[in-house]
Amino acid sequence: MNWKSNLKENYKFKKGDCVQNKKIKVLAIVGATASGKTALGVELAKKFDGEVISADSMQIYQGLDITTAKPTQEEMQNIKHHLIGFQPRTENFSVADYVNLANEKIQEVVSRGKLPILVGGTGLYIDSVLKGMQFSPEGDSQIRQKLIQRVEAEGIENLYQELQALDLEASQKIHPNNHVRVIRALEICLATGKSFTEYKAKNNSHESPYDVFWLGLDYANRQDLYDKINQRVYQMLEQGMLEEVQQAYQQGTVGTASMAIGYKELILYLEKKASLQECIALIQQETRRYAKRQLTWFRRNAQIQWLILSKNDELQKISEKAQKMIAKNENMWYNV
């Protein structure tokens, strides 16, 4: 029996394993946008009898399928995927909402004797689930709604300044333009009378229920990743991204999903404020910046085993490299 066959047999997920070992085994595939996480997740799900749970803050919304790079049925290859396209794009969705749903899906996958594979690039979502962040009911929906209304009327700047005054440490860790996190932090401060930093420290003190193998994707040459990003933008346009954005814009029912890279940039073209080529260049630039932020986030996690790619690597080769990395570390992940 060769090493690949042996690995698949040893790693076959059995009902009851998570109970016997107390912690649930989860494979996490993380990295920058356009790095190939989706395709690798499918390949490893086929090898290890798993199901994919998406960890992408934009792919949760209904519609804008091309703009948010949702995997197609063809790309899924009959592997079950969860938490994609379920949330109405007019409704708000929080990190706490994602944690609750992701935990439920992990339990569902395990109950079927399958391996949960968390795939995505939204670091806050992934860390909140796999590192055991507990979200208490502290908070106030009325305060939250008032803060949202203020953002719509005043912009985010005033609220960010208020957060700086109430909790400087938290404000330094939150980007001034991250509306969701600024509102959430302020809501906790105002509802509890405590700083958001204190709240997070309290809720991060719980032990994670998961035993995670972290697999990260990155390129040896950063320009190779950027080239792939630039090319993918053109591919998305060929697939109909502009028409998709135009339809959503005319319907006027986008909501939080309007934060997706590609949507807000193409609106400039639809409103005749910029040329199409200028908007394309802006999408590419913003995506490259986002990729850099993603990698900065994940590089802080010392548990991630990094799979370093080159531009000529084929999916089969990447999958084999990933399997070898898992096999090499099997004693620290599975006890079989």
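The model is predicted: local features need pLDDT of at least 70, side-chain atom pairs count only at pLDDT 80 or more, and totals for chains, interfaces and linings use all residues. Residues are numbered from 1 along each chain as its sequence is written, and side-chain values use heavy atoms, without hydrogens and water. Helices (H or I, at least four residues) and strands (E, at least two) are DSSP runs numbered from the N terminus.

**Helix packing**

- Two packed helices are described by the angle between their axes and the distance between the axes.
- Helix H7 (residues 141–154) and helix H10 (residues 179–192) cross at roughly 135°, and their axes come within 9 Å.
- Among the residues in contact (heavy atoms within 4.5 Å) are Leu147 of H7 and Leu186 of H10.
- Helix H14 (residues 263–270) packs against helix H15 (residues 276–299) at about 170°, with the axes 9 Å apart.
- H14 is thus roughly antiparallel to H15.
- The H14 side of this contact consists of Glu265, Leu266, Leu268 and Tyr269.

**Loop residues with positive phi**

- Most residues other than glycine have a negative phi.
- Ala34, in the loop between strand S1 (24–31) and helix H3 (37–48), has a positive phi near 70°.
- Ala34 is buried (under 20% relative accessible area; exposed is over 50%, partly exposed in between; 1.4 Å probe, protein chains only), at 8%.
- Ala69 has a positive phi near 55° and is partly exposed at 26%.

Conventions: Axes fitted to C-alpha atoms, helices over the stretch in contact; angles between N-to-C directions. Parallel < 35°, antiparallel > 145°, perpendicular 65-115°, else oblique.
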